[in-house]
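Let's take a walk through this protein together, one stop at a time. Keep the picture open beside you as you read.

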Amino acid sequence: MTQATVPTLIHLDYKEISSIRDKVKANDSSVFPAYSALLNEATSYLKKPARSVMGKAHIPPSGDKHDFFAIGKYAWPNPETPGGMPFIRRDGYTNPEASSDKYDLGPYFNMRIRVNTLAMAYFYSGSEAYAAKAAELLRVWFLNPETRMNPNFNYASSLPGVNDGMAIGIIEGVQLIGLLDSVNLLTSSTSWTAADNEALKRWFTAYTDWLLESPAGKEEYRATDNHGSWYAAQVAAFSLYGGNLERARQMMDRAKWQVDVQFTPDGGLHRELKRNRALFYSLYGLSAFVALARCGEVLGDDLWWYQTKDGRGIERGFNFLAPYLAEEIPWAWQNIDKEINGLAVQLTRRAEKVYASPRLAAVSRHLTTLRPRTDWSFWLMTTPS
């Protein structure tokens, strides 16, 4: 692959993963356990059938099974009423039924995990079998007329007995940003054709149209927590993929507005700190700004170093979390989770390089010690310090 055809990646860095691939080819023992685990996982998916939105048990309120339909992850039957209706929302506590075969969320999540795993296995091994399976999964979910998902999340995050879907369900589209990194890696294969890629671009253009024009999308645009910044990141990333740079640039201005309204003077994300999974949501919210900053790199708009007049910005957000992620001091807000989310090491590895920060490098080294050598998502997707 020449410099001119290097894919645009958001969560991944092509130079970094290419360097890791050189280690794989050289049989470097530092990456062998992770590489072996990656191939084992990817191989396990080769014979698994492709799932689609057509397989769910429940029919969406539209009557069209091609529409994505799922209850919210935090939606639960009401314990105070016969039959559990209307459902209630228990923030931070996931209802396993949300990922059951009754709805689309579980198959959607599995599709994304499998495509990403297969694409990484293809990238590192060069085996076309992995690319072919990833391409099949993508076609079944997004492209084939009989099985494709309609490009909207109108009926995501339903709360039965209260509403058919909520604007906050748009957050499910965040997973598609990483999925497009995988798609862009697959473009060098023979299995994912130029026609496939153009058809998928049309799907994402239609989805972005829906984000910008639908009542749900307009509501998420106004959100002042991670939903607002992830909305901007989705529009920016999908517009880059589809080639609409003007749409993407508009989201850079929105990202700066989100910095203004979300960060506290010391770097915390004030809405996320009020959640009962405050550490996870602080990381999740910060990761939206990292995705936006990566989009900004493509557009020549530097969000990494953007600051408000009183110095609030992405760098201060990382410095705010640093002592907690390094486990130097205990987390001072609510946290029902048992361990630091794996998202943390990916973010700090990226930020330490951008800011040339010894402090963040030390944090990412500490976080790296918490992960086994077989965890390929840590050893093969970013470069350790």
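**A guided tour**

By class, the lining of the second largest pocket is made up of 9 nonpolar, 3 polar and 3 charged residues. Before going further, please keep in mind that this is a predicted model. Of the 15 residues that line the second largest pocket, Thr-8, Asn-184, Ala-237, Leu-240 and Tyr-241 are the closest to its centre. Several helices take part in this lining: α5, α6 (194–213), α8 (226–242), α9 (245–262) and α10 (278–299) each give at least two residues. Which helix provides the largest share of the lining of the second largest pocket? That is α5, with 4 residues.

Now look at which parts of α6 are hidden. The buried residues of α6 are Asp-196, Asn-197, Ala-199, Leu-200, Trp-203, Phe-204, Tyr-207, Thr-208, Trp-210 and Leu-211. What covers these buried residues of α6 includes α4 (128–143), α5, α7 (215–221), α8 and α9.

Is His-227 buried or exposed? The cut-off for buried is under 20% relative accessible area, and His-227 counts as buried because its relative accessibility is 13%. The side chain of His-227 makes a polar contact with the side chain of Glu-220, at 2.8 Å. If we leave aside the neighbours within four places in sequence, His-227 is in contact with Ile-168, Ile-171 and Glu-220.

Let's go back towards the start of the chain, to helix α1 (residues 14–25). Helix α1 has 12 residues and reaches 16 Å from its first C-alpha to its last, close to the 16 Å expected at 1.5 Å a residue. What caps the N-terminal end of α1? Asp-13 does this, with a side-chain oxygen that lies 3.1 Å from the backbone nitrogen of Lys-15. Within α1, the residues Tyr-14, Glu-16, Ile-17, Ser-18, Ile-20, Arg-21 and Val-24 are buried. They pack against α2 (32–45), α3 (105–125), α5, α12 (343–354) and α14 (376–379). Just after α1 comes Asn-27, which takes a positive phi of about 55°.

Most residues other than glycine have a negative phi, and most peptide bonds are trans. Phi of Ser-157 is near 55°, a positive value in a residue other than glycine. Ser-157 sits in strand β4 (residues 155–158), and Ser-157 is buried because its relative accessible area is 11%. Glu-327 is not a glycine either, yet has a positive phi of about 60°. You can find Glu-327 in the loop between α11 and α12. With a relative accessible area of 47%, Glu-327 is partly exposed. As for peptide bonds, the one from Met-85 to Pro-86 is cis, with omega near -10°. Pro-86 belongs to the loop between β2 (75–76) and β3 (88–89).

Next, we turn to the cavities. The model has 3 cavities of 30 Å³ or more, and the largest cavity has a volume of about 40 Å³. Phe-263, Gly-267, Gly-268, Leu-269, Ser-282, Leu-286, Gly-317, Phe-320 and Leu-321 line the largest cavity. Two helices, α10 and α11 (314–325), each supply at least two residues of this lining, and the largest share, 3 residues, comes from α11. By class, the lining of the largest cavity divides into 5 nonpolar, 4 polar and no charged residues.

Our tour ends at Ala-356, found in the loop between α12 and α13 (358–369). Why does Ala-356 count as exposed? Exposed means over 50% relative accessible area, and Ala-356 has 62% relative accessibility, so Ala-356 counts as exposed. Ala-356 and Leu-303 are 53 residues apart in sequence, and their C-alpha atoms are 16 Å apart in space.

Technical notes:
Residues numbered from 1 in each chain as written. Predicted model: local features only at pLDDT ≥ 70, side-chain atom pairs only at ≥ 80, totals over all residues. Heavy atoms only, no water. Expected span 1.5 Å × (residues − 1). Buried < 20%, exposed > 50% of the residue type's maximum accessible area, 1.4 Å probe, protein only. Contact = heavy atoms within 4.5 Å. Polar contact = N/O pair within 3.5 Å; in protein donor to acceptor, adjacent residues only side chain to side chain. 1 Å grid on protein atoms, 1.4 Å probe; cavity = no way out; pocket = protein on both sides within 12 Å on 5 of 7 lines; lining within 4 Å. Nonpolar A, V, L, I, M, F, W, Y, C, P; charged D, E, K, R; others polar. Points joined across faces, edges and corners; volume = space filled by probe spheres on them.
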